[in-house]
Amino acid sequence: MRKLLPAALVLGFACAAAHAETIGSVDTVFKLIGPDHKIVVEAYDDPRVAGVSCYLSRAKTGGLKGAVGLAEDKADASVACRQVGPLQFKGKLPRQEEVFTERASIFFKHVRVVRMVDSKRNALVYLVYSDRLIEGSPKNSVTAVAVPGGQPIPVR
C-alpha cells in the first residue's frame with residue numbers, strides 16, 4: 001500500500017495539471033432537466049513555455065446526457081494564446097507537440113491543442129481541433145505568440 005500511494009499522488013497531480021482552469025461560461029440553450037447547453041472559456045498554461053497562457057472556448061452539451069457525462073460536445077472550439085509574462089523555455093521544443101487535450105465525449109472524442117514552432121518568424125503557433133476515433137472534424141482555430149527577436153526558440 002505504501003508503494004502505491006506515491007504513484008497515486010503523482011498520477012493525481014499529473015491529472016490535475018492536465019485540466020484547464022475555468023474562467024467563465026455563458027448559457028446558449030435552456031434545458032428544463034439538467035444543466036443548460038453552454039460555451040465555456042478555460043485557461044491553461046503551456047507546460048513547456050512559461051509565460052504563455054492559452055484561452056480555449058468550446059461548446060459543452062447540457063441536458064440529462066450532459067449531466068451524467070454521456071453527451072457528445074460539438075466540435076466548435078476557438079483558441080487565443082498570449083504572452084502573460086517573461087518567456088522561458090523548459091528545454092528544447094519539438095517542432096510540433098500536443099500541449100493540451102480534453103475529452104469531448106465519454107467515448108473517443110477529444111478537443112486538442114497543438115503547439116507548432118515557426119522558426120522563420122520566431123513564433124509559437126497554437127492550433128485547436130477536435131478528433132474522433134473514426135472521423136474527426138475540420139473545424140479548427142489558430143493563434144500565434146510572437147517571441148521577441150533577441151530570444152530564439154530552442155528547437156529539437
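The model is a predicted one, so local features need pLDDT of at least 70 and side-chain atom pairs count only at pLDDT 80 or more, while totals for chains, interfaces and linings use all residues. Residues are numbered from 1 along each chain as its sequence is written, and side-chain values use heavy atoms, with hydrogens and water left out.

Two helices and eight strands make up the secondary structure of the protein chain; these are DSSP runs numbered from the N terminus, with helices being H or I of at least four residues and strands E of at least two. Read from the N terminus, the order is α-β-β-β-α-β-β-β-β-β. Of the 156 residues, 37% count as buried, that is, under 20% relative accessible area with a 1.4 Å probe, protein chains only (exposed is over 50%, partly exposed in between). The protein chain exposes about 9,700 Å², with carbon and sulfur atoms supplying 61% of that; accessible areas come from the Shrake-Rupley method with a 1.4 Å probe, and for residues only the protein chains shown count as cover.

On the aromatic side, there is one pair in the structure. Rings of Phe, Tyr and Trp (its six-membered ring) pair if their centres lie within 6.5 Å, and planes under 30 degrees apart count as stacked, over 60 as edge-to-face and the rest as tilted. Tyrosine 44 and phenylalanine 100 have ring centres 4.5 Å apart and planes at 10°, so this pair is stacked. Tyrosine 44 is buried at 6% relative accessible area, and phenylalanine 100 is buried at 4%.

Turning to charges, the whole structure holds eight salt bridges, each a side-chain nitrogen of Lys or Arg within 4 Å of a carboxyl oxygen of Asp or Glu. One of them joins glutamate 42 to arginine 58, closest N and O atoms 3.1 Å apart. Glutamate 42 sits in strand β2 and arginine 58 in strand β3 (residues 49-60), so the bridge ties together parts 16 residues apart in sequence. Both residues are buried.

Arginine 115 pairs with aspartate 46 at 2.7 Å, linking strand β6 (residues 109-118) to the loop between β2 and β3. Both partners are buried. Glutamate 97 meets arginine 48 at 3.4 Å, N to O. Through shared partners, salt bridges join Asp46, Arg48, Glu97 and Arg115 into one network.
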